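Here are my notes on this model, point by point. Please read them with the coordinates open.

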Amino acid sequence: MSIQWFPGHMHLTRKAIAERIKDIDVVIEVLDARLPGSSANPLLAELTGHKPTLKVLNKQDVADPARTALWLDWYNAQHATAAVPLDASDPAPARKLIEACHRLAPNRGGLAKPMRVLICGVPNVGKSTLINTLSNKRQAKTGDEAGITKLEQRITLADDFYLWDTPGMLWPRISVVESGYNLAASGAVGRNAYDEELVVLELLRRLQAHYGPLLQARYKLALPDATVAAMRDDELLEAIGRKRGAMLGGGRVNLQKAAEIVLTDFRTAILGRITLETPPEFEAWRAAAALQDAEREAKKQARSDKKKGRKAPEAT
């Protein structure tokens with residue numbers, strides 16, 4: 001299953017960013033530290049590729065610290081890019097973002113040349129909470145549902161520092177299938193765009209491979225780690241449902257309810273500190289998606305050439 005979600009207001013956001021970027025000095029892209037590759041918007045990279053970019057790995061306090069370190073190294077090695085970990089509710093590191101922007105654009109500052117920053121991110125990544133922390137005011141709406149911010153807002157953080165907030169935006173086609181699942185698990189995708197049970201089955205496969213002890217601790221499965229790791233994803237979901245009392249009549253497990261429990265536990269970090277991907281994993285996913293796209297385009301071109309060949313008149 002491929003997960004896609006690009007509602008109408010995101011088209012407007014894309015147009016607004018394309019127009020605004022001409023007057024921007026630095027782009028802040030807020031990422032989810034639990035999925036730093038999947039939550040990086042390739043469409044945003046196309047729109048703002050020539051601008052210095054600060055990657056903020058938000059929610060770092062609920063991400064796997066060892067994997068966060070890998071992602072920071074990976075982003076900091078990229079051209080005109082800096083990366084910092086952050087918990088948006090903590091005001092001390094949030095203020096450091098202003099200093100990081102000045103390091104990326106050292107020639108901007110002062111009333112004559114104020115710093116102009118565009119802040120972007122996928123839905124439900126914690127961007128609005130971060131803005132409110134930065135400005136010490138409740139200027140941006142917050143919530144635990146994708147698509148809260150609908151309009152562009154200009155926020156003054158200092159006399160010479162202007163911040164433009166944009167609505168959360170995905171991209172028209174999520175070609176990396178794994179990214180679609182990870183985004184849905186994080187809450188970045190509208191609820192009507194995916195099947196919760198399928199998303200949780202994919203999530204459990206990742207947790208089985210890397211975070212089996214966390215599953216054991218949370219759901220008290222009382223099984224050897226090797227057994228948990230070897231279980232089919234649907235068997236594991238059923239076992240969790242039984243332990244948590246998600247039952248229907250006749251001793252059957254309510255798999256939908258069990259899926260909702262696992263999603264809630266992941267999103268609220270009750271499961272523990274988890275990161276769903278590493279840079280090498282994400283690069284492999286992206287390479288596989290690019291290959292599939294190339295094969296799909298080649299087949300499309302072949303069909304087009306064949307169709308044109310049938311219609312072409314014979315030479316005399």
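1. Start with valine 125. Its relative accessible area is 2%, so valine 125 counts as buried, the cut-off being under 20%. Keep in mind that this is a predicted model. Valine 125 sits in the loop between β4 (115-121) and α5 (127-135). Leaving aside residues up to four places away in sequence, valine 125 touches Val30, Leu31, Asp32, Asn58 and Lys59. Proline 279 is 154 residues from valine 125 along the chain, and their C-alpha atoms are 19 Å apart.

2. Aspartate 87 deserves a look. It is found in the loop between β3 (81-86) and α4 (91-104). Aspartate 87 is buried, yet it has no salt bridge. Where is the nearest side chain of opposite charge? It belongs to arginine 273, 9.0 Å away. A salt bridge would need nitrogen and oxygen within 4 Å. Not counting residues up to four places away in sequence, the contacts of aspartate 87 are Asn58, Gln60 and Asp61. Asn58 is also on the contact list of valine 125. From aspartate 87 to leucine 130 is 43 residues in sequence, but 8.3 Å in space, C-alpha to C-alpha.

3. Salt bridges next. The count for the model is 17. Aspartate 25 takes part in a salt bridge with arginine 108, at 3.3 Å from N to O. That pair links distant parts of the chain, 83 residues apart: arginine 108 is in the loop between α4 and β4, and aspartate 25 is in the loop between α1 (8-20) and β1.

4. Aspartate 25 has another partner. It forms a salt bridge with arginine 116, with the closest N and O atoms 2.8 Å apart. This pair, too, joins distant parts of the chain, since arginine 116 lies in strand β4, 91 residues from aspartate 25. Are these two residues buried or partly exposed? Aspartate 25 has 10% relative accessibility and therefore counts as buried. Arginine 116 has a relative accessible area of 22%, so it is partly exposed.

5. Arginine 206 and glutamate 202 meet in a salt bridge of 3.5 Å, N to O. Both lie in helix α7 (residues 196-210), 4 residues apart, or about one turn of the helix. Arginine 206 is buried because its relative accessibility is 16%. Glutamate 202 is buried as well, because its value is 13%. The pair belongs to a network of salt bridges that links Glu202, Arg205, Arg206 and Asp233.

6. Now the nonpolar packing. The largest nonpolar core holds 77 residues. Which of its members touch the most others? They are Leu183, Leu204 and Leu207. Setting aside residues up to four places away in sequence, leucine 207 touches Gly212, Leu215, Leu271, Ile274 and Leu276. A second, separate core has 13 residues, including Leu31, Leu57, Tyr75 and Trp285.

7. Last, the second largest pocket. Its volume is about 570 Å³. The lining comprises 32 residues, and Asn41, Pro42, Ala45, Lys55 and Arg286 lie nearest the centre. Elements giving two or more residues to this lining are β1 (26-32), α2 (42-48), β2 (53-58), α3 (65-76) and α12 (279-311). Which element gives the most? That is α12, with 5 residues.

Definitions and conventions: Residues are numbered from 1 along each chain as its sequence is written. This is a predicted model: local features need pLDDT of at least 70, side-chain atom pairs count only at pLDDT 80 or more; totals for chains, interfaces and linings use all residues. Side-chain values use heavy atoms; hydrogens and water are left out. A nonpolar core is a set of buried Ala, Val, Leu, Ile, Met, Phe, Trp, Tyr and Cys residues joined through side-chain atoms within 4.5 Å. Buried means under 20% relative accessible area, exposed over 50%, partly exposed in between (1.4 Å probe, protein chains only). Contact means heavy atoms within 4.5 Å. Lys and Arg count as positive and Asp and Glu as negative; His and the chain ends are not counted. On a 1 Å grid over the protein atoms alone, a cavity is a set of points where a 1.4 Å probe fits but cannot get out, and a pocket is an open set with protein on both sides within 12 Å along at least five of seven lines; lining residues have an atom within 4 Å of a point. Grid points are joined across faces, edges and corners, and a volume is the space filled by probe spheres set on the points.
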